[in-house]
Amino acid sequence: MPTPYFLRSCQATFATPYTSKCSLRAPVKKNMQRKFFLFVQLAVVTLTILLFVSCVGMTGTTSNPGGGSTGGGGTGGGGTPPPGDTISGSLTWKGNVSRSGNYSSETKLTTTNVNATSFGKLGSFQMDGLPVAQPLYVTGLDMGTLGVHNIVIVATEHDSVYALDADNLPAGPLWVRHYLDATNNITPLPDSFGGRTTLGGEVGITGTPVIDSSTGALYFVTVLSNNGSAEQWLRALDIRDGTDFGPGSVKIQASVAGDGKGSVNGQIAFNPALQDQRAGLAFLNGSVIVPWGSFSDYGVYHGWIMAFDGGTLALQAVFNPTPQAQTVDDASGPSDHGGGGSIWQGGAAPAIDTAGNIYVNTADGSFNANQGGNNYGDTMLKLQFNGSAFQIVDTFTPFNQACINESDLEIGSVGVAVVPNSTMLISGSKEGRFYLVNSQAMGEYDSTGDNHITQEFMIGEHSCDAQTPGSGAAEGTGWNRLYGAPAFWNNNMYAQASSLPLKQYQLQNGTFNATPVAQSPTASGLRGGNSVVSSNGTQNGVVWTYEKSASGRGILHAYDAMSVSTELWNSGMNANRDQLGTGIGFMAPVVMNGKVYVSYDFSIAAYGLLQ
């Protein structure tokens, strides 16, 4: 009997409109009776047609520049895989939606064996672009013919996504997906917007992706130039093989009603050339939540949050925190008087509490909510998403909003972290000020002081309210800016402002002692230090902090979480073996299964026990 035809691959191409190639493998056996052979041929042709139609139907949108090519184990077409076992690992920025930075099931790394003798660099892998987004980690993933692997997923500014064996980075990718195609003028978007960025000359995938644990779908945004025009696309891949998940891609196009900066006929349109998808993505009840900020405050920009259906990628809701024209404003830049309010948070993803409320901080921008307006620059927002719209539930705006807005000491450089098993929110600002806010009564705005929140105090050494507004941006080594989000573990909070040591604060009777109980032996560079904590419950806590040092080199530090004055190890102690290259601003370490993963230069490195 003839060997049946079967579909070998459904390979994506770069053509526009986006197409697929389905390859068939021919039969190899003959010598059957002619009548029976003709019958089988008819059946095979019918089956082949059905399979081919099915394959074409899975390629997604009909116009998809940069649809993607694959390498390694990937095949480039694909559709929605059947539901499988729940996927586990570090599937989002800082490992979970609280953003508190807890890796609390770590049994291999201890305060005893993390030292320069027993712990060090295990391997690395170099990619095609700068890996600004935090890596993700998946435990024990069944990848079909590729076998079962612990994998690390890394995205680059060259619009590529790599899946690597987490236990053998130098072996190269299990699959890789590329979204650029120079032959069809799908090229990187240049990093030349007039502002300052740390994206290495080109803009591609910047915000940390997110994985849906129930399906294995990976979501992220690519920025690219299509024949000279800036475009942004939400992408969805199956982490098992790098093929498209569902439709695979949707072009970002949206607008909101408003008469603020950039409005035309009462609508403010999303501008893909000016909006930086810097903050991490989040996943909530089947929807992908995507925030946007600006490229170093350049041009007429706004903050944006959009929600997309995780299965169809259909746009569900759009939110803009500064949609209203504002005659009187604190500053007079291109996006003032009804604009600004970036949601970038030093790379932090939106925090989500157990009730599904979303928390974000907006950056420098127009503010008139205290006068009944709709502008929320420099504000912590509590949002609810009902499936078709975002609603503001509560807010907190610092009392010195005018000063921090004008001086670029925004609250928006820091994300929000939800303290586990409580209603407490912790955050901070470029000013170097720490905030403890009750999520049930956030305090809104009081010009006389932050009198309606639980607590605030300075981690930095210079406060904006002591200077006269009008002096311009306050930056450099004299200002102790906070970025990312503080880490919290075992009633301790850890935060490292720029040019200062890592400081440890202890929670006592519902508030933090404003005097640090410990601090690290050395200070950080101008981007501060982004921290997470690995532990086995409340035991063997290790604070891992990544900094881009004053020299530009990336340095990974490990401290005893009970007292960060004890540095257990850093990547410079045995430099020949462990040191990193040029650091990545705001990078957060990932700690899983006895290994720590960080990015630098165009590479990712794994650290762990040497024997």
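Biologist: How many residues does the largest nonpolar core have, and which of those residues have the most contacts inside it?

Modeller: Please keep in mind that this is a predicted model. The largest nonpolar core has 43 residues. Trp544, Ile604 and Tyr607 are the residues with the most contacts inside this core. There is also a second, separate core, made of 21 residues, and Val221, Ile268, Phe283 and Val288 are included in it.

The chain as a whole provides the setting. Three helices and 46 strands are found in the chain. Of its 611 residues, 59% are buried.

Ala575 belongs to helix H3, which covers residues 575-578. Between Ala575 and Gly120 there are 455 residues of separation in sequence, while their C-alpha atoms are 9.9 Å apart in space. Ala575 has a relative accessibility of 29% and therefore counts as partly exposed.

The loops also deserve attention. Ser498 is placed in the loop between strand E36 (492-495) and strand E37 (501-508). Ser498 counts as buried because its relative accessible area is 1%, and the limit for a buried residue is under 20%. The side chain of Ser498 reaches the backbone nitrogen of Arg481 at a distance of 2.8 Å. Leaving aside residues up to four places away in sequence, Ser498 touches several others, among them Trp479, Asn480, Ser524 and Leu526.

Two further loop residues concern the backbone. Arg99, in the loop between strand E4 (89-90) and strand E5 (102-103), has a phi near 65°, a positive value in a residue other than glycine. Its relative accessibility is 0%, so Arg99 counts as buried. Asn593, in the loop between strand E44 (590-592) and strand E45 (595-600), likewise is a residue other than glycine with a positive phi, near 50°. Asn593 counts as partly exposed because its relative accessibility is 30%.

Terms used:
Residues are numbered from 1 along each chain as its sequence is written. This is a predicted model: local features need pLDDT of at least 70, side-chain atom pairs count only at pLDDT 80 or more; totals for chains, interfaces and linings use all residues. Side-chain values use heavy atoms; hydrogens and water are left out. A nonpolar core is a set of buried Ala, Val, Leu, Ile, Met, Phe, Trp, Tyr and Cys residues joined through side-chain atoms within 4.5 Å. Buried means under 20% relative accessible area, exposed over 50%, partly exposed in between (1.4 Å probe, protein chains only). Helices (H or I, at least four residues) and strands (E, at least two) are DSSP runs, numbered from the N terminus. A polar contact is a pair of N or O atoms within 3.5 Å; within protein, one must be able to donate a hydrogen and the other to accept it, and residues adjacent in sequence count only if both atoms are side-chain atoms. Contact means heavy atoms within 4.5 Å.
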